[in-house]
Amino acid sequence: MKNQTTPHIKKLVIIGVGLIGGSFALALRQAGMVQHITGIGRNPENMQRALEQRVIDEISDNYATALIDADLLFLAMPVGQTELIMARISPHLEPNTIITDAGSTKQDVIISALKHLTIHNIANFIPGHPIAGTEQSGVTAAQVNLFKDKHVVLTPLEQTNPEALEIVCQLWQACGAKISTMHADEHDQILAITSHLPHVLAFTMMHYLHHSTNDPSNLLRFAGSGFRDFTRIAGSSPEMWRDICLANRDELLKQIKTYNTELKAVQALLEQKDQTGLEQVFQQAQTIRQNWYN
């Protein structure tokens with residue numbers, strides 16, 4: 001990458017060519033920011049589709065050869081694989097390769113990076129999280145405009161190379177994203193509330209429905225759009241969300257306990273037939289929701 005002001009990636013390596021990894025590849029290719037994309041993944045059928053759809057230019061199952069002359073390495077696999085992948089890539093990373101990721105949790109990713117990467121590679125490691133996606137998975141769900149007007153949070157370290165950070169920022173901006181930076185612990189707390197807890201609630205609601213009746217399909221016949229909207233994210237990858245919840249376990253447990261307190265307060269208002277109190281809770285919630293979109 002000769003021109004640091006307008007980065008052009010000669011070789012991009014993506015580990016995990018699914019919804020996020022595939023969309024990143026498509027967006028950078030459309031923006032003319034990348035010349036060659038190498039993909040690494042666990043599912044041969046998914047990787048073959050990625051190749052056929054020109055999301056990537058080649059498939060590799062060898063970290064040593066794939067990482068030769070790599071300008072950028074994008075880690076887009078489930079966060080539960082981070083420790084293993086960091087250990088596998090570390091011996092083969094070149095000093096100038098920029099590494100970034102898309103993990104929904106950041107403190108655990110950083111711990112793995114500090115454990116396995118060299119001092120040179122750590123300087124070029126930019127932890128990141130694009131807050132975008134759907135309940136679909138795999139490369140067939142990839143969209144060129146997935147990140148347009150979406151937030152991408154970067155959590156650089158104290159030893160982060162400013163030039164590497166600037167390049168990653170510009171690449172995400174080329175995808176149409178809005179960039180924010182914050183500490184990893186702040187990111188994990190915010191996402192526990194706004195993403196991880198809602199997914200737990202959606203999964204739990206569908207699990208509750210399954211156990212509340214011998215015929216869930218009969219109940220679902222009468223479920224309206226509100227129920228459909230609320231539980232849409234329960235269609236997300238169980239493996240991915242298992243990993244996210246365990247990775248952010250401590251913060252998520254705090255938020256579940258706090259949410260339970262709120263739910264018990266509403267339960268008490270119902271038991272007391274407190275019309276005013278119940279309406280006040282709903283009114284406050286409505287105001288916050290409406291202001292969010294204004």
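Which residues are buried in H8? The legends below take up this and other views of a predicted model.

**View 1. Helix H8 and its buried residues.** Helix H8 covers residues 184-212, 29 residues in total. From first C-alpha to last, H8 reaches 39 Å, close to the 42 Å expected at 1.5 Å a residue. Buried in H8 are Ala184, His187, Asp188, Leu191, Ala192, Ser195, His196, Leu197, His199, Val200, Ala202 and Leu209. In a helix of this kind, residues three or four places apart point the same way, because an α-helix has 3.6 residues a turn. Ala192, one of the buried residues, is also where H8 bends by about 50°.

**View 2. Asp185 in helix H8.** Asp185 belongs to helix H8. Its relative accessible area is 47%, so Asp185 is partly exposed. The partly exposed class lies between under 20% for buried and over 50% for exposed. Ser23 is 162 residues away from Asp185 in sequence. The C-alpha atoms of Asp185 and Ser23 are 27 Å apart in space.

**View 3. The crossing of H8 and H11.** Helix H11 spans residues 238-247. The axes of H8 and H11 come within 11 Å. They cross at roughly 130°. H8 and H11 are therefore oblique to each other. Their crossing is left-handed.

**View 4. Helix H1, mostly covered.** Helix H1 runs over residues 19-30 and has 12 residues. H1 reaches 16 Å from its first C-alpha to its last, close to the 16 Å expected at 1.5 Å a residue. Of its 12 residues, 10 are buried. Leu19, Ile20, Gly21, Gly22, Ser23, Phe24, Ala25, Ala27, Leu28 and Arg29 make up the buried set in H1.

**View 5. The open sheet of 6 strands.** The strand order is E3-E2-E1-E4-E5-E6, and the pairing is parallel. Strand E3 (58-59) and strand E6 (125-126) are the edge strands. Each of these two pairs on one side only. Strands of a sheet pair through backbone hydrogen bonds, either parallel or antiparallel.

View 6. Strand E5 holds residues 98-101. Strand E4 (residues 72-75) runs parallel to E5, and 4 bridges join them. Leu75 stands opposite Asp101 in E5. E5 also runs parallel to E6, joined by 2 bridges. Here Ile99 has Phe125 in E6 as its bridge partner. In a regular strand the side chains alternate between the two faces of the sheet. Both faces of E5 are covered. Ile98 and Thr100 are buried on one side, and Ile99 and Asp101 are buried on the other.

**View 7. The open sheet of 3 strands.** The strands follow the order E7-E8-E9, with mixed pairing. Strand E7 (128-131) and strand E9 (178-181) stand at the edges. Each has a single partner strand, so one side of each is left without a neighbour in the sheet. Neighbouring strands of this sheet are turned by 20° against each other on average, direction ignored. Strand E8 holds residues 151-154. E7 and E8 pair in the antiparallel sense, over 4 bridges. Within this pair, Pro130 stands opposite Val152 in E8.

**View 8. Val168 in helix H7.** Helix H7 spans residues 162-174 and contains Val168. The relative accessibility of Val168 is 2%, so Val168 counts as buried. Gln286 lies 118 residues from Val168 along the chain. Their C-alpha atoms are separated by 37 Å.

**View 9. Asp69, a loop residue with positive phi.** Asp69 sits in the loop between helix H3 (63-66) and E4. Its phi is positive, about 60°, although Asp69 is not a glycine. With a relative accessible area of 55%, Asp69 is exposed.

View 10. Lys273 is not a glycine, yet its phi is positive at about 55°. Lys273 counts as exposed, at 73% relative accessibility.

Methods:
Residues are numbered from 1 along each chain as its sequence is written. This is a predicted model: local features need pLDDT of at least 70, side-chain atom pairs count only at pLDDT 80 or more; totals for chains, interfaces and linings use all residues. Side-chain values use heavy atoms; hydrogens and water are left out. Two strands pair if DSSP finds at least two bridges between them. Axes are lines fitted to C-alpha atoms, for helices over the stretch in contact, and angles run from 0 to 180 degrees between N-to-C directions. The expected span of a helix is 1.5 Å times one less than its number of residues. The bend at a residue is the angle between axes fitted to the seven residues ending there and the seven starting there. Buried means under 20% relative accessible area, exposed over 50%, partly exposed in between (1.4 Å probe, protein chains only). Angles under 35 degrees count as roughly parallel, over 145 as roughly antiparallel, 65 to 115 as roughly perpendicular and the rest as oblique. A crossing is left-handed if the near helix is turned anticlockwise from the far one by less than a right angle, and right-handed if clockwise.
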